[in-house]
Amino acid sequence: MRDNTICIRRIFAYVTAAALLLQLLLFVVSWLIAAAMPDNTVRSLLGNEGIRWFFGSFVSNVASKPLVWILVVAMAWGAIAQSGIARALVRRKKPLAYRQRFALRAVLVVLLIAVVIIILLAFVPNAPLRSVTGQLFPSSFSRSLIPMLAFCAIVMAVTYGLLSGAMRGIVDVFNAMAKGIQQFIPLFILYVAVVQLFYSIIYVFQL
């Protein structure tokens, strides 16, 4: 497991480095093209306008919905991993203890309650999470789908963790979600590099 984690981190490191190198290359190439062909539609990242755009729009480029999705998924991942619910559902080499079986039953009840709530909020006529025209896509439901699923996963994992004894209080719950974010840090770093490169390409070539 540790070897796999190290390998994944190396891959993320190399891809991030490649994105940063491409970003630097885009700075130079955009400047050369804009200088050699001033009538071209290519915009230079080294010009006054390009520098203002790069620094002025950096936060708005990075602060997008995928960043929030990664964050909440990381929290859910940490809660699931630390609660032990995945092992209880997948690995059945030996019978589960009574507390674990009781915890799984409680998780099933939580899941049923979550399904009922989602149905009432999104799938009945005039549900509040539907759009003004009554559509699900796009709507408040579609925009909140990933955070909603992540929150449900967190609640079920925490329920199992507390009832089974894998988590002993709010500190363990907090640490579990924080550890999930810690494990996703390489993805956050890669995300920042790739997203800024993506928007830089759009700006330079006016796509």
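Predicted model: local features only at pLDDT ≥ 70, side-chain atom pairs only at ≥ 80, totals over all residues.
1. Residues are numbered from 1 along each chain as its sequence is written, and side-chain values use heavy atoms, with hydrogens and water left out.

2. Start with the largest nonpolar core, which has 28 residues. Such a core is a set of buried Ala, Val, Leu, Ile, Met, Phe, Trp, Tyr and Cys residues joined through side-chain atoms within 4.5 Å. Buried means under 20% relative accessible area, exposed over 50%, and partly exposed in between (1.4 Å probe, protein chains only). Ile-85, Leu-104, Phe-141, Ile-154 and Tyr-160 have the most contacts inside this core. Two or more residues come from each of α4 (65–83), α5 (85–90), α6 (98–123), α8 (145–164) and α9 (170–183), and α8 gives the most, with nine residues. Helices here are DSSP runs (H or I, at least four residues), numbered from the N terminus.

3. Take a look at Ile-85: leaving aside neighbours within four places in sequence, Ile-85 is in contact (heavy atoms within 4.5 Å) with Ile-80, Leu-104, Val-107, Met-156, Ala-157 and Tyr-160. Apart from this core lies another, of eleven residues, including Phe-27, Trp-53, Ala-193 and Leu-197.

4. Ser-200 sits in helix α10 (residues 185–205) and is buried, with a relative accessible area of 0%. Not counting residues up to four places away in sequence, Ser-200 touches Gln-23, Leu-26, Leu-45, Trp-53 and Phe-54.

5. Finally, Cys-7 belongs to helix α1 (residues 2–36) and is partly exposed, at 42% relative accessible area.
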